Each structure stands twice: as structure tokens, then as C-alpha cells.
Amino acid sequence: MPDEIRKAYETNREAERIRQGAQAEAQMILEEAREKAQRIIEDGRREAEHLVEESAIRREAERQAREIIERAEREAREQIEHADQYVESILNRLERFARRLLEVVEEARQSFER
């Protein structure tokens, strides 16, 4: 195999490995964010139920419960947003890598045709 073709092949394999790794990492981050959000929401609900046990503090407990749930939902949205941003950056890097790979392939093709 000519060097250019071998290099293009190796570059393509590396691009695929990077893409698969990025995709797996992004999925893991999203799953962790969702799990964390769910735990936060469940903790908030449990805390809210505990606070409501006594009628004298019921109104205060409901207010605190709403705040906890709102905070948990906000944090969950932020976690997902951060994960989405991370995935976007990985995909941008992969796209740049793929473009460079196409350039290498084109250069190899041109040198082969000469």
C-alpha cells in the first residue's frame, strides 16, 4: 500500500475510534446528569414529605419543597445543557478531524493519479 493510502486508512480508523469514544462519553455524561437530577428531585420530594408531617409548618414545608424541586429541576437542566455543550464540542473536534482526513485522502488521491 502506498504511504498516503495507509496514512489515510490509519487516520480514518483513528477518527472512528475518537467518534465512538466521544459518543460513549457523551452518553455516559447525559445518563449521569439524568440520574443525578432524578436523585435530587427524589431527595427534594422526600424532604418535602417529611416537612409536611406537622400541620403547623405545612405552608412553610410546601414552599421549601417547591424551592427544592425548582432548584433540582434547574440543576438538572444545567447538567443536561453542560452535557450537550460538551457533546457539541466533541462533535466539532471530530468534524475538524474528519475534514482534515478528507484533505489527506484527496492529497493521496491526487498524488496517486499523477
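Which residues are linked with Asp3 in a network of salt bridges? In this predicted model, the network joins Asp3, Arg6 and Glu10. Within it, the side chains of Asp3 and Arg6 meet in a salt bridge with an N to O distance of 3.4 Å. Both residues belong to helix α1, where they stand three residues apart, about one turn of the helix. Asp3 has a relative accessible area of 44% and is therefore partly exposed. Arg6 is also assigned to the partly exposed class, because its relative accessibility is 32%. In general, side chains of opposite charge can pair when their charged atoms come close.

As with the pair in α1, the spacing is three residues, about one turn of the helix, with Glu103 and Arg100 both in α2. Glu103 is partly exposed because its relative accessible area is 43%, and Arg100, with a value of 41%, is likewise partly exposed. A salt bridge also connects the side chains of Arg109 and Glu106, at 3.9 Å from N to O. This distance lies within the 4 Å limit for a salt bridge. Arg109 and Glu106 are three residues apart in helix α2, so about one helical turn separates them. Arg109 shows 46% relative accessibility and so counts as partly exposed; Glu106 falls in that class because its relative accessible area is 35%.

Helix α2 covers residues 58–113. The helix has 56 residues and reaches 81 Å from its first C-alpha to its last, close to the 82 Å expected at 1.5 Å a residue. The buried residues of α2 include the alanines Ala61, Ala65, Ala72, Ala76, Ala83 and Ala108. Ile68, Val87, Ile90, Leu94, Leu101 and Val104 are buried in α2 as well. Each of these residues therefore has a relative accessible area under 20%.

A negative surface patch is formed by four acidic residues, Glu78, Glu81, Asp84 and Glu88. Of these, Asp84 is placed in helix α2. Asp84 has 42% relative accessibility, and so counts as partly exposed.

Gln27 lies in α1, which covers residues 3–51. The C-alpha atoms of Gln27 and Val87 are separated by 8.8 Å, although the two residues are 60 residues apart along the chain. Val87 is buried in α2, whereas Gln27 is partly exposed because its relative accessible area is 39%. His50 also lies in helix α1. From C-alpha to C-alpha, His50 and Ala65 are 9.9 Å apart in space, with a separation of 15 residues in sequence. Ala65 is one of the buried residues of α2. His50, by contrast, counts as exposed because its relative accessibility is 51%, and the cut-off for this class is over 50%.

Methods. Residues are numbered from 1 along each chain as its sequence is written. This is a predicted model: local features need pLDDT of at least 70, side-chain atom pairs count only at pLDDT 80 or more; totals for chains, interfaces and linings use all residues. Side-chain values use heavy atoms; hydrogens and water are left out. Patches are made of residues with over 30% relative accessible area and no salt bridge: like charges are joined within 9 Å, nonpolar side chains (Val, Leu, Ile, Met, Phe, Trp, Tyr) within 5 Å. Accessible areas come from the Shrake-Rupley method with a 1.4 Å probe; for residues, only the protein chains shown count as cover. Lys and Arg count as positive and Asp and Glu as negative; His and the chain ends are not counted. The place of a charge is taken as NZ of Lys, CZ of Arg, CG of Asp or CD of Glu. Helices (H or I, at least four residues) and strands (E, at least two) are DSSP runs, numbered from the N terminus. Buried means under 20% relative accessible area, exposed over 50%, partly exposed in between (1.4 Å probe, protein chains only). The expected span of a helix is 1.5 Å times one less than its number of residues.
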